[in-house]
Structures are given as C-alpha cells and as structure tokens.
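Subject: Structure for you, with notes

Hello,

Here is the structure I promised to pass on. Please open it alongside this email; my notes follow below.

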Amino acid sequence: MVKLDILFDKLRFEEKALYNTATKKGLDVRLVDSRNIIITTDDLKSDHRDFSDIILQRSISHFRGQFLTYSLELCGYNVLNDSKIGEVCGNKLLTSLILEKNNIPTPKSFFSFNSDSAFDFIDSVDFNKNPVVFKPVIGSWGRGVFPIRNKETGKIIIEMRQESTSPFSNIFYFQELIHRPPRDIRCIVVGDHLVAAVYRYSSEDEWRTNVAKGGKAEFIKVTNELEDLALKAASVVGKGILGIDMMEDKDRGLMVHEINNTVEFRGASLATGIDVADMIIEYAKNNKKN
Ligand SMILES: Nc1ncnc2c1ncn2[C@@H]1O[C@H](COP(=O)(O)OP(=O)(O)O)[C@@H](O)[C@H]1O
Ligand SMILES: [Mg+2]
C-alpha cells in the first residue's frame, strides 16, 4: 500500500481535498501537523522511518516548511515539492532573477539591501511614467504588496521599515507596476502538465487579485501560448506541483510574476470543475522514489 503524509500547519480546502482524494484512492494517508514534529539527529539512522514514502509539504509558513523539508530530505525522504523548489519559489527576489535569467518574460524588478539605497532608488523613479510595486521578498496572499504611485509614499514605506526589527527590513524589493486588466492568471502545473488555469479578478476596491483578498476565479481559454509559458516557467524552478501566476501587460503580453510552492487550487477547482487534488495525488503516487 502506498503511504503518504500530508504536512500542514493550517487545514485549508486544499489539504482536506488532498486527504479525501488519497483516502478514496486507497492510499495509506496521514495528515501530519508540522507544528508538532520533532526531528532528531537519530532520525538520520536508516532504521528510523517515522514518515511515509511520499511526503506532500503543505505548510503555509515558508520557513517552517523549508526547514522541515531540508531535514526530511537529509533523512532520506522524498518531499514534494523538494527544498530546491521551495527555496526559489518562496523567495520573490530569487524567482524574479531566475525567471529573467531563463528568458521567461517577467516584470522588471529592483532590489536593494539597505534603506539608503532604497531611498536612492525611490529618488530615481519617475512616478508619473513608471509607478512601482513594493513586495516583501517572502510572503503570500498579497500581504504587504502594494503600488507606490509617488515619491512621498515610497519614502514613508522605507522609513516604516527602518523602525522594524525584522531581519528582512533591509531587503527591499520593488517592481515595475504592470498595466494590466483587473485580473491575473493562475496556472496549476503538476509535473509536465498544465492541469488547470483561471483568471483571478480582483474584488471591488481591491487592486490585488489574490483569492485570499476576495479575488474571483473565472474560466480562461487555455491557449498554446499560455500553456507553453506556464510549462517553461515551471521547468526553470524544477518539476513539481506549482502555481504559476501571470499578468497580461497591455503592450508585452503575458508575464510571469510569481511561482507558488504550496499552491492553493480551491478557486481553480471550483471554477473549472477540474479535480486538481486528484491530479496531485496521482503525481505524488508516481513520484515515489524510495
Ligand atoms: N508588478 C505588478 N503590477 C501590477 N499588479 C501586481 C504586480 N505585482 C503584483 N501585483 C498584484 O498583486 C498581487 C500579489 O502579488 P504577488 O507578487 O503575487 O504576491 P503574493 O505572493 O503575496 O501573492 C498579484 O496577484 C497582482 O494582482
Ligand atoms: Mg501571488
């Protein structure tokens, strides 16, 4: 019997759907709360097999998920997604650089590592022509992502970060504001396949299109261009279970702005009727290495 562990720290629609699907398919599946796991150096010994052959990493916390994946991989387990994917996709700076390096159209992004250079950057921007977006390098659900449309706001943001004690307060990520319709595109790629895609329309009085911010998933006709770009973007971070997010620039067309490592698919499943959980479980089953 194939054994599967689903690691979670919050049970969302997705973790429940994955668990129910795996149970229906006859897998020996456990939901494991990653907040309760204790790993010891003894776990490196080969007779310690506390976890299953296949592990789906579904922790929301980037750092918890990532450190746990590193540990489990060193103990010889097969974790989906692997730590290399988590490292790139969980970090917007790395994602942007790696997309650009691989010639995937992506918004122009700017990074600085100290508030003085961030002020210099804001001073150099011509906001009438080219407003920018600020983003935390690590984060999701649209939290802390917002457009900066003038110097004044840009400077206040930097000042606010100077007050913060977070180790990330000196890491600044700005991006050109893409002139797009009030929507973006979520593509779910599992292994070599684009299994579902949807538009996400932002809700009223909201600029961000995240479903977590009230965005609504709607049908999109999948063109060859969309499919090719989603698969190409997925291939540069590594094969896995990924949410490739794109925006439609009014002049340049599709641009990939983010790749999600612990992809949410509730909106896409409900809008398309595609059983994304089923495809993920099939993929996980066939990716049993040990
Ligand atoms: N450069 C941009 N131009 C226009 N809209 C953007 C830009 N970057 C992000 N957005 C909007 O903000 C949302 C959240 O940004 P994103 O980079 O995906 O961060 P998160 O990981 O929090 O989802 C996007 O889904 C999109 O609606
Ligand atoms: Mg996003």
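The largest nonpolar core of this predicted model has 58 residues. Ile6, Ile55, Ile188, Ala233, Ile244 and Ile280 touch the most other members of this core. Helix α9, residues 276-286, gives the most to the core, with 6 residues. Both domain 1 (3-87) and domain 3 (179-284) give residues to this core, so the core lies between them. There is also a second, separate core of 10 residues. Ala118, Ile122, Val133 and Tyr173 are among its members.

Take Ile6 as a place to start looking. Leaving aside neighbours within four places in sequence, Ile6 is in contact with Glu15, Leu18, Tyr19, Val29, Leu31, Val32, Leu56 and Arg58.

**Helix α1**

Helix α1 covers residues 13-24, which makes 12 residues. From first C-alpha to last, α1 reaches 16 Å. That is close to the 16 Å expected at 1.5 Å a residue. Which residues of α1 are buried? They are Glu14, Glu15, Leu18, Tyr19 and Ala22. These residues cover an arc of only 130° around the axis, so they sit on the same side of α1. An α-helix has 3.6 residues a turn, so residues three or four places apart point the same way.

What do the buried residues of α1 pack against? The partners are β1 (3-8), β2 (28-33), β3 (54-57), α8 (266-272) and α9. Just after α1 comes Gly26, with a positive phi of about 85°.

**Domains**

The chain is divided into three parts: domain 1 (3-87), domain 2 (109-176) and domain 3 (179-284). The C-alpha centres of domain 1 and domain 3 are 24 Å apart. Across the boundary between these two, 22 residues of domain 1 are in contact with 14 residues of domain 3. On the domain 1 side, the elements that give two or more residues are α1, β3 and α3 (83-89). Helix α1 supplies the largest share of that side, 6 residues.

**Whole chain**

The chain has 9 helices and 13 strands. Its C-alpha atoms fill a box of roughly 60 × 45 × 35 Å along the principal axes. A compact globule of 290 residues would have a radius of gyration near 19 Å; the chain has 20 Å, which agrees. Of the 290 residues, 37% count as buried. Now look at contacts between residues at least 6 apart in sequence. Among these, 66% join residues at least 24 apart.

His62 is found in helix α2, residues 62-74. Is His62 buried or partly exposed? His62 is partly exposed, because 18 other C-beta atoms lie within 10 Å, and a buried residue needs 20 or more. Leaving aside neighbours within four places in sequence, His62 is in contact with Gly90 and Ile138. His62 and Trp207 are 145 residues apart in sequence, and their C-alpha atoms are 24 Å apart in space.

Asp228 lies in helix α7, residues 224-237. Asp228 counts as exposed because it has 12 C-beta neighbours inside 10 Å, and the cut-off for exposed is 12 or fewer. Asp228 and Leu194 are 34 residues apart in sequence, with 9.0 Å between their C-alpha atoms.

**Backbone points to check**

- The peptide bond from Leu80 to Asn81 is cis, with omega near -5°. Asn81 lies in the loop between β4 (78-80) and α3.
- Asn103 is not a glycine, yet it has a positive phi of about 60°. Asn103 is found in the loop between α4 (92-101) and β5 (109-112). With 9 C-beta neighbours inside 10 Å, Asn103 counts as exposed.
- Asp205 is another residue other than glycine with a positive phi, near 60°. Asp205 sits in the loop between β10 (193-201) and β11 (216-219). Asp205 counts as exposed, with 6 C-beta neighbours inside 10 Å.

Best wishes

Conventions
Residues are numbered from 1 along each chain as its sequence is written. Chains are lettered from A and ligands numbered from 1 in the order in which they are written. This is a predicted model: local features need pLDDT of at least 70, side-chain atom pairs count only at pLDDT 80 or more; totals for chains, interfaces and linings use all residues. A nonpolar core is a set of buried Ala, Val, Leu, Ile, Met, Phe, Trp, Tyr and Cys residues joined through C-beta atoms within 7 Å. Helices (H or I, at least four residues) and strands (E, at least two) are DSSP runs, numbered from the N terminus. Domain bounds come from an automatic or database domain assignment. Two residues are in contact if their C-beta atoms, placed from the backbone, lie within 7 Å. The expected span of a helix is 1.5 Å times one less than its number of residues. The arc is that of the directions from the helix axis to the C-beta atoms. The radius of gyration is taken over C-alpha atoms; the globule rule is 2.2 Å times the number of residues to the power 0.38.
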